Amino acid sequence: MKKSPLFIYTTRMGAYYHLTPFNQQSLNLDTCLISAGDFFHMENTLNKLQSETNISFRQYINQENKTLYMTSIDSYKIKCVEGQSNQDGVKISQLEGIKPITNQQYNKLARLINPEILVSLTEQPGMEAGQKSMKRSYQKSAKFLKESLDELKDTQISIYGAIQGGLDTDLKIIAAEEQKFAIDYPNFRGFTLYGFNKGSSWQDKEDALSVLQSIYDGYNLSYILAGYGDILSILWGMSWGIEGFEVEEPFRFAQDLKVILIPNFDAKDNDIEQFSGDKINFYELEGKKIKYMNFPINSDVKENVPLNPDCQCFACKNHTKLYISHLVECKEMNAQVLLTIHNTHQYQKLQQKLQEMQNQKQLNQWIRWFLQQL
Ligand SMILES: [Zn+2]
């Protein structure tokens with residue numbers, strides 16, 4: 001992975017695209033999640049772009065110089081992949097509803113989009129399904145992975161398998177074992193992990209991840225945590241060796257008119273030295289919460305001050321809570337734009353800090369210190 005941690009920002013529901021190029025530039029995000037279902041109907045356009053113009057896909061969507069991450073599953077959609085009896089494909093949520101696609105079409109789209117990272121197509125088993133039918137969908141996902149590794153081996157695309165199974169360790173083992181053949185492929189990089197949802201217990205997450213990592217112990221794989229990308233999951237995941245995170249929380253919060261309030265990131269050297277450098281245990285995260293503020297705010301506390309006076313983002317440097325409150329009351333979309341800018345800025349700072357602490361080999365110490373502030 002080019003950068004660790006890698007925060008992979010979602011693009012759904014206009015959460016990212018609704019920013020003007022000016023706003024996007026000032027955010028300086030270096031990744032973009034491409035939800036495959038959004039682009040199946042555009043195959044002709046993408047083909048034309050490639051054959052008749054010099055415009056690449058990433059120029060077309062205004063995401064030049066970004067790491068593109070293409071996946072069939074994105075958590076903004078309620079259910080984006082459905083199983084079907086046909087072994088060649090799945091049904092996927094697209095512009096015109098849920099429609100069947102084959103893995104060949106998925107790989108062809110990947111070739112047109114040419115992302116840095118492709119998560120192989122996967123069938124999401126219904127959690128109510130029995131173990132037998134789960135196993136069938138894992139076998140199908142393993143077949144998709146193998147096909148992508150073969151069909152795209154002449155490209156620069158790094159391919160990740162998808163590990164499903166919720167937090168059920170038995171199912172995670174089946175999903176992992178089915179895809180073990182992939183370690184022999186040079187274009188295989190690791191796995192995107194599903195089912196580590198917000199709200200499940202830290203102990204369950206820890207159990208599921210340790211089982212998975214023990215299966216691939218000794219192989220140099222990289223892991224990406226799918227889903228919401230809340231800050232505590234990122235801290236936990238970093239401590240456990242996960243390098244990439246799908247991130248939608250800053251956008252989702254902005255849509256819900258929530259402002260992320262993070263305590264100071266900067267510890268003094270002697271502050272963190274007292275903490276242990278061991279992996280974070282599940283019980284250390286229990287009861288911890290990141291604070292946020294919710295608009296609309298009461299009229300008597302509408303202050304003419306920034307969201308956070310210490311924040312250096314465009315929203316905080318140029319606007320006040322009072323003004324954003326006004327935008328909220330007028331149902332003006334700029335409120336969400338400004339909150340997106342602020343929330344995303346917090347993630348950028350977190351990413352920098354984690355990188356810095358990792359380089360200094362003080363990651364776990366810093367995370368422990370940070371958790372004490374919550
Ligand atoms: Zn700010």
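Begin by selecting strand β5 (residues 89–94), which runs antiparallel to β6 and is joined to it by six bridges. The model is a predicted one: local features need pLDDT of at least 70, side-chain atom pairs count only at pLDDT 80 or more, and totals for chains, interfaces and linings use all residues. Residues are numbered from 1 along each chain as its sequence is written. Helices (H or I, at least four residues) and strands (E, at least two) are DSSP runs, numbered from the N terminus.

Strands count as paired if DSSP finds at least two bridges between them.

Axes are lines fitted to C-alpha atoms, for helices over the stretch in contact, and angles run from 0 to 180 degrees between N-to-C directions.

Proceed to helix α8 (residues 231–239), where seven of the nine residues are buried (20 or more other C-beta atoms within 10 Å of the residue's own, with C-beta atoms placed from the backbone). Highlight Ile231, Ser233, Ile234, Leu235, Trp236, Gly237 and Met238, the buried residues of α8. They pack against several elements, among them α7 (202–215), β10 (222–225) and β11 (244–247). Just after α8, Gly241 has a positive phi of about 85 degrees.

Helix α15 (363–372) is also among the elements against which the buried residues of α8 pack. Seven of the ten residues of α15 are buried, so this helix is largely enclosed by the rest of the structure. To see them, select Leu363, Asn364, Gln365, Trp366, Ile367, Arg368 and Phe370. These residues pack against α8, α10 (269–273) and α14.

Finally, select helix α13 (residues 321–329) with helix α14 (residues 334–359): they pack at an angle of about 135 degrees, with their axes 8 Å apart. The two helices are therefore oblique to each other, a class left over once angles under 35 degrees (roughly parallel), over 145 (roughly antiparallel) and 65 to 115 (roughly perpendicular) are set aside. Ile324, Leu327 and Val328 of α13 meet Asn334, Ala335 and Leu338 of α14; residues are in contact if their C-beta atoms, placed from the backbone, lie within 7 Å.

How values were computed: Two residues are in contact if their C-beta atoms, placed from the backbone, lie within 7 Å. A residue is buried if 20 or more other C-beta atoms lie within 10 Å of its own, exposed if 12 or fewer, and partly exposed in between; C-beta atoms are placed from the backbone.
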